[in-house]
Amino acid sequence: DVPGLFECHICPEGQISTSTGSLQCELCPEGKFLSDLDLSNAQRHDAASDCIECATSTFSLPSRAKCIGCEPGFAANGGRDCVACPAGKHADSRLSVCLDCAVGKYIAQNASAACDLCDFPRFTLREGSLYCDACRERYYLSTTWNGKFDKDYTSCSMHEDGNGEGNACCSCPEGAACTEQSTVETIEVQPGFYRHGPSSPQ
């Protein structure tokens with residue numbers, strides 16, 4: 001007899017043996033795990049019920065030793081597969097769901113773990129924005145090809161985040177009031193002043 005030939009061993013982490021005289025261990029099913037660092041109790045590896053279901057939106061490693069969540073920018077959204085969060089959304093790693101960017105933030109790329117904050121004085125009109133498409137109070141959104149007007153009346157901050165319109169946030173001109181999300185058309189003219197036209201900041 002060869003010493004040790006018929007020695008029995010406890011199955012490694014992530015594996016079980018459900019019958020007497022087994023020659024090898026079996027992996028826990030996909031979506032389940034078995035963590036046993038000590039490997040001191042064979043009864044933790046002798047039944048299918050020893051394999052524990054992974055938590056919602058987590059996945060078992062190939063070894064079935066533990067479950068992990070999705071990579072940054074990806075989420076399961078309650079399912080079994082990690083998918084890239086689309087533009088305008090970011091991945092919440094704790095809940096493993098894709099969430100809309102909050103108002104005032106944006107993201108134009110897929111698979112993002114966080115949304116970018118709009119540079120002042122830019123803003124967004126709604127949640128889930130792909131770019132900053134509005135302006136804060138005391139500024140108005142210009143919609144000309146380059147967003148610039150007479151330098152004596154306005155100071156513009158060019159927008160370069162890829163919305164294709166060349167929009168800019170311009171300082172509210174003297175004699176006008178600009179609430180949040182104002183456009184050049186919605187500038188409010190103060191008493192004692194008039195404007196040159198419905199699309200003019202002067």
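**Disulfides, an aromatic pair and selected residues**

Good morning. Cys-101 and Cys-115 form a disulfide, with their sulfur atoms 2.0 Å apart; a disulfide here is a pair of cysteine sulfur atoms within 2.5 Å. Please note that this is a predicted model, in which local features need pLDDT of at least 70 and side-chain atom pairs count only at pLDDT 80 or more, while totals for chains, interfaces and linings use all residues. Residues are numbered from 1 along each chain as its sequence is written, and side-chain values use heavy atoms, with hydrogens and water left out.

Let me stay with Cys-101 and Cys-115. Their link is left-handed, with -85° about the S-S bond. Cys-101 lies in the loop between strand 10 and strand 11, and Cys-115 in the loop between strand 11 and strand 12, so the pair ties together parts that are 14 residues apart in sequence. Strands (E, at least two residues) are DSSP runs, numbered from the N terminus. Both cysteines are buried; buried means under 20% relative accessible area, exposed over 50%, and partly exposed in between, with a 1.4 Å probe and protein chains only.

How many disulfides does the structure hold? There are 9, and I shall describe two others. One joins Cys-54 to Cys-67, at an S to S distance of 1.8 Å. The torsion about its S-S bond is about -65°, so this disulfide is left-handed. Cys-54 lies in the loop between strand 4 (52–53) and strand 5, whereas Cys-67 lies in strand 6, so the pair ties together parts 13 residues apart in sequence. Cys-54 counts as buried at 7% relative accessibility, and Cys-67 as partly exposed at 22%.

The other joins Cys-118 to Cys-132, with S to S 2.1 Å. Here the torsion is about -100°, so the disulfide is again left-handed. Cys-118 is in the loop between strand 12 and strand 13, and Cys-132 in the loop between strand 13 and strand 14 (134–135), so parts 14 residues apart in sequence are tied together. Cys-118 is buried at 5% relative accessibility, and Cys-132 at 0%.

I turn now to aromatic rings. A search of the whole structure finds 1 aromatic pair. The rings of Phe-120 and Tyr-139 have their centres 5.6 Å apart and their planes at 90°, so the pair is edge-to-face. Rings of Phe, Tyr and Trp (its six-membered ring) pair if their centres lie within 6.5 Å; planes over 60 degrees apart count as edge-to-face, under 30 as stacked, and the rest as tilted. Phe-120 is exposed, at 56% relative accessible area, whereas Tyr-139 is buried, at 19%. Phe-120 is also joined to Pro-121 by a cis peptide bond, with omega about 10°.

Which backbone values are positive in a residue other than glycine? Phi of Arg-64 is near 65°, and phi of Ser-96 is near 55°. Arg-64 is buried at 14% relative accessibility, and Ser-96 at 4%.

Finally, consider Ser-112, in the loop between strand 11 (105–106) and strand 12 (116–117). Ser-112 is buried, at 8% relative accessible area. Its side chain reaches the backbone oxygen of Gln-109 at 3.3 Å. Leaving aside neighbours within four places in sequence, Ser-112 is in contact (heavy atoms within 4.5 Å) with residues including Gly-73, Cys-85 and His-90. Thank you.

Methods: Helix = DSSP H or I, 4+ residues; strand = E, 2+ residues; numbered from the N terminus. Polar contact = N/O pair within 3.5 Å; in protein donor to acceptor, adjacent residues only side chain to side chain.
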